[in-house]
Every structure is written in C-alpha cells, then in structure tokens.
Amino acid sequence: MSHRGTLIALAAAAAIVLPAIAVAATVSPTPAQKAVIIKAFGDPKSAISCLTVRLAASNHNYATVRFRTVRSCRKWAFNGVNALKRVKGRHWKVVFEGSAYRCPVAHIPRPVQRDLSICR
C-alpha cells in the first residue's frame, strides 16, 4: 500500500473509532436500582416510565437521570444534567444538578463526568 493509501486508511479508521470514544459510556441499571435512583432523584413512581437512568461505566456508584423526549413525558421534562451517588448499600443521593456550570465539577471523578456527559 502506498503512503497516501495508508494515510487514507488511518483517517477512515479514526473517523469510525473517535466518535465512539467521545460518546458517553454508561450501562443500564437493574429495575430495582432504577426505582431506588428515581426515588432519590425526587420523582414519584408514576414518572418511572418517562425517566431514563444510566450508570457511569467507569464507576457504577454514580448515575444520571434523564427524561424521555416523547410527548407523553413532557410533564417530567427538565433541562441540565445531574449526578447521583450511591452512599450506602441501596441508598443514593443527588450530588450534582445544573444547567450552567464550570468544568470540572468538584467531588465527582473526571471519568464519571465524561461517562455521564456532565463534562467532556
């Protein structure tokens, strides 16, 4: 392969790999974890179908809650980001909520901030 061909191949590979790296890294909680996290977030059980809970891939002791952007869920809508932390066993508490803030956020590990899309 020529030098130019090698550069084109590397650029194409980077175009595929780099966006995947930039995407937030989260995992799904169990249904029981989701219910406990939403309760700690402060929304009633009736909101559970309109809220998405994700755990930080780098540290499952941190989570975020987002609303589903469908018409039927508008009453639960909010802007900004949040982070919850498992403090003991099954207990969670909100450790950050904001829509205008400076990065990095104190008291939240930087890998968690990236995973939960708080700071890039």
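Let's start at Val27, which sits in strand β1, residues 26-27. This is a predicted model, so the picture below is a computed one. Is Val27 buried, exposed or partly exposed? Val27 has a relative accessibility of 27%, so it counts as partly exposed. Setting aside neighbours within four places in sequence, Val27 is in contact with Arg54, Leu55 and His60. Ser58 lies 31 residues from Val27 in sequence, with 9.6 Å between the two C-alpha atoms.

Stepping back, the protein has 3 helices and 5 strands. Read from the N terminus, the order is α-β-α-β-β-β-β-α. Of its 120 residues, 26% count as buried. If you take the contacts between residues at least 6 apart in sequence, 47% of them join residues at least 24 apart.

Now for the inside. The largest nonpolar core has 15 residues, and those touching the most other members are Ile37, Leu51, Val53, Ala63, Val65, Leu84 and Trp92.

| Element | Residues |
|---|---|
| α2 | 31-41 |
| β2 | 51-56 |
| β3 | 59-67 |

Helix α2 gives the most, with 4 residues. There's also a second, separate core of 10 residues, and Tyr62, Phe96, Ile108 and Leu116 are among them.

Leaving out neighbours within four places in sequence, Ala63 is in contact with Ile37, Val53, Arg54, Leu55, Asn82, Ala83, Leu84, Trp92 and Leu116.

On to the hairpin. Strands β4 (residues 81-88) and β5 (residues 91-98) run antiparallel and are joined by 7 bridges. Which residue in β5 is the bridge partner of Asn82? That partner is Glu97. There are 2 residues between the strands of this hairpin, and Gly89 takes a positive phi near 55 degrees. As a general point, side chains in a regular strand alternate between the two faces of the sheet.

Last stop: Asp115, in helix α3, residues 110-115. Asp115 is buried yet has no salt bridge. Arg114 is the nearest side chain of opposite charge, and it's 6.0 Å away. What does the side chain of Asp115 reach? It reaches the backbone nitrogen of Ala57, at 3.3 Å.

Definitions and conventions
Residues are numbered from 1 along each chain as its sequence is written. This is a predicted model: local features need pLDDT of at least 70, side-chain atom pairs count only at pLDDT 80 or more; totals for chains, interfaces and linings use all residues. Side-chain values use heavy atoms; hydrogens and water are left out. Two strands pair if DSSP finds at least two bridges between them. A nonpolar core is a set of buried Ala, Val, Leu, Ile, Met, Phe, Trp, Tyr and Cys residues joined through side-chain atoms within 4.5 Å. Buried means under 20% relative accessible area, exposed over 50%, partly exposed in between (1.4 Å probe, protein chains only). Contact means heavy atoms within 4.5 Å. Lys and Arg count as positive and Asp and Glu as negative; His and the chain ends are not counted. A salt bridge is a side-chain nitrogen of Lys or Arg within 4 Å of a carboxyl oxygen of Asp or Glu. A polar contact is a pair of N or O atoms within 3.5 Å; within protein, one must be able to donate a hydrogen and the other to accept it, and residues adjacent in sequence count only if both atoms are side-chain atoms.
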